[in-house]
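Please look through the sequence and the structure shown here, and then read the notes below, which take up a few residues in turn.

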Amino acid sequence: SLGSHYYVGEEVTQDKAKAVHHWENAAMKGNVLARCNLGNHEYNNNRNCERAVKHWLIAAKMGDKLALDNIKAVFANGNATKEQYAEALKGYQ
């Protein structure tokens with residue numbers, strides 16, 4: 001995706017702000033990968049687990065296995081609630 005290209009600087013100058021902008025636009029149009037990428041960015045770069053889980057919940061409900069696995073991992077680390085993990089599991093199925 002264009003956002004991913006900007007994020008890593010592949011074929012364009014690296015610009016994480018532009019990456020997030022493109023992911024946000026794509027996520028609002030229903031792109032599940034963009035939604036998961038936003039969660040990953042929030043968790044890994046902004047250290048905002050709460051926002052990451054919100055993005056991953058939406059992606060998991062859209063059928064994204066990686067988002068579900070991410071919620072499972074942060075739940076195991078105590079950074080997501082049992083209810084959030086249960087909601088993700090229910091939505092994924």
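E42 counts as buried, at 9% relative accessibility, where buried means under 20% relative accessible area, exposed over 50% and partly exposed in between, computed with a 1.4 Å probe and protein chains only. This is a predicted model, in which local features need pLDDT of at least 70 and side-chain atom pairs count only at pLDDT 80 or more, while totals for chains, interfaces and linings use all residues. Residues are numbered from 1 along each chain as its sequence is written, and side-chain values use heavy atoms, with hydrogens and water left out.

E42 lies in helix 3, residues 32-44; helices (H or I, at least four residues) and strands (E, at least two) are DSSP runs, numbered from the N terminus. Neighbours within four places in sequence left aside, E42 is in contact (heavy atoms within 4.5 Å) with R47, N48, R51, A52 and H55. From C-alpha to C-alpha, E42 and V20 are 9.8 Å apart in space, although 22 residues apart in sequence.

## His55 on helix 4

H55 has its place in helix 4, residues 49-61, and is buried, with a relative accessible area of 11%. When neighbours within four places in sequence are left aside, H55 is in contact with R35, L38, G39 and E42.

Y7, in helix 1 (residues 2-8), is buried, with a relative accessible area of 17%. Not counting residues up to four places away in sequence, Y7 touches Q14, K16, A19, W23, H41 and N45. The charged end of K16 sits over the ring of Y7, 4.8 Å from its centre; the term requires NZ of Lys or CZ of Arg within 6 Å of the ring centre and within 35 degrees of the ring normal.

## Aromatic pairs

The structure holds three aromatic pairs; rings of Phe, Tyr and Trp (its six-membered ring) pair if their centres lie within 6.5 Å, and planes under 30 degrees apart count as stacked, over 60 as edge-to-face and the rest as tilted. One of them is the tilted pair of Y43 and W56, with 5.6 Å centre to centre and 50 degrees between the planes. Because Y43 lies in helix 3 and W56 in helix 4, the pair ties together parts that are 13 residues apart in sequence. Y43 is partly exposed, with a relative accessible area of 26%, whereas W56 is buried, at 2%.

The rings of F75 and Y85 have their centres 5.3 Å apart and their planes at 15 degrees, so this pair is stacked.
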